[in-house]
Amino acid sequence: MYPVERTALVLIDATNDFIADGGKAWPGLREVCEEVGTVPNMKRVLEAARTVGIQVLHAPMETQPWDYGPWKHRTPSHGDMFHAQLFQAGTWGAEIHPDFTPADGEVVVTAHKTFDAFHGTDMDTQLRQRDIDHLILCGLTTNTCVDSTGRDAVEKGYHVTFVSDAVATFTMDMHRASIDLNWPRYAHRISTTDEVVAALEELK
């Protein structure tokens, strides 16, 4: 199902501001994360990927104090991030959560400022230089960064798998809308953590 040498796990925005106690956005994400089991499932997928030996890429968001505020066409989400000063470079909130600390050989992609983790980053280069064309996507948030990254990956010619219970967003309605209504239109696979882990274990 997944060719080992051509498959990568992409962990999107597994940062303290999103999933750590004390993170600025954690109070808004906690209910859905806990109901879905998002963080433990992300850890299970990561462990399986490391065991099998597929490439892992970490795709964090990082911002500067001058981002979003003066932008002519900022979105509501950009406005929220500006007012909360989410993912500010050099702060604890922008750091990758300790449970997802990159291991040797794993790639930390250039931080993204917009929702798509390809836009303005080196992710496409890092993947293509390794001849990777199958992506497994986990992380935050379901309906913005994960969704945007997956859409762009499809447009770029990648095979895309979303892990439906290793993602989360601010309401269950938003979460389910992406999984049930949007992803079936363009994803190659929508799998649970159990299904992805089982598929990866077959590669041993």
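Predicted model: local features only at pLDDT ≥ 70, side-chain atom pairs only at ≥ 80, totals over all residues.

Student: Which residues of α6 and α7 meet?

Tutor: From α6 come Thr-142, Asn-143, Val-146, Asp-147, Gly-150, Arg-151 and Val-154. From α7 come Met-174, His-175, Ser-178, Ile-179, Asn-182, Trp-183 and Tyr-186. By class, this contact has 6 nonpolar, 6 polar and 2 charged residues.

**One side in, one side out**

Student: Which residues of helix α2 are buried?

Tutor: Helix α2 spans residues 26-36, and its buried residues are Trp-26, Leu-29, Val-32, Cys-33 and Val-36.

Student: How do you know that they are on the same side of α2?

Tutor: Look around the axis. These residues cover an arc of only 135°, which puts them on the same side of α2. Pro-27, Glu-31, Glu-34 and Glu-35 are exposed on the other side.

Student: What do the buried residues of α2 pack against?

Tutor: Their partners are α1 (16-19), α3 (38-52), β4 (134-140), β5 (159-168) and α7 (172-186). After α2 comes Gly-37, with a positive phi near 85°.

Student: What puts the buried residues of α8 on the same side?

Tutor: Take the residues first. Helix α8 covers residues 193-201, and Thr-193, Val-196, Val-197, Ala-199 and Leu-200 are buried there. Their arc around the axis is only 160°, so they sit on the same side of α8. The cover over these buried residues includes α3, β4, β5 and β6 (189-191).

Student: How many disulfides does the structure hold?

Tutor: It holds 0 disulfides.

Student: How do you know that Cys-33 is in no disulfide?

Tutor: Check the distance between sulfurs. A disulfide needs two cysteine sulfur atoms within 2.5 Å. For Cys-33, the nearest cysteine sulfur is that of Cys-138, and it is 12 Å away. So Cys-33 is in no disulfide. Cys-138 is in no disulfide either, with the sulfur of Cys-33 as its nearest, 12 Å away.

Student: Why are Cys-33 and Cys-138 called buried?

Tutor: Buried means under 20% relative accessible area. Cys-33 has 3%, so it is buried. Cys-138 has 0%, so it counts as buried.

**A strand residue and its neighbours**

Student: What makes Leu-9 buried?

Tutor: Leu-9 lies in strand β1 (residues 7-12). Its relative accessible area is 0%, so Leu-9 is buried. Leaving out residues up to four places away in sequence, Leu-9 touches Val-45, Leu-46, Ala-49, Ile-54, Gln-55, Val-56, Leu-57, Ile-136 and Cys-138. Take Gln-55: Leu-9 and Gln-55 are 46 residues apart in sequence and 6.4 Å apart in space, C-alpha to C-alpha.

Student: Are Asp-13 and Phe-87 buried or exposed?

Tutor: Asp-13 has a relative accessible area of 0%, so it is buried. Phe-87 is at 0% relative accessibility, so it counts as buried.

Student: Which peptide bond is cis, with omega near -15°?

Tutor: The bond from Leu-140 to Thr-141. Thr-141 is in the loop between β4 and α6.

Student: Why is Thr-121 called buried?

Tutor: Compare its value with the cut-off. Thr-121 has a relative accessible area of 17%. Buried means under 20%, so Thr-121 is buried. Thr-121 sits in the loop between β3 and α5 (123-128). Not counting residues up to four places away in sequence, Thr-121 touches Val-109, Thr-110, Ala-111 and His-112.

Terms used:
Residues numbered from 1 in each chain as written. Heavy atoms only, no water. Buried < 20%, exposed > 50% of the residue type's maximum accessible area, 1.4 Å probe, protein only. Helix = DSSP H or I, 4+ residues; strand = E, 2+ residues; numbered from the N terminus. Arc of directions from axis to C-beta. Contact = heavy atoms within 4.5 Å. Nonpolar A, V, L, I, M, F, W, Y, C, P; charged D, E, K, R; others polar.
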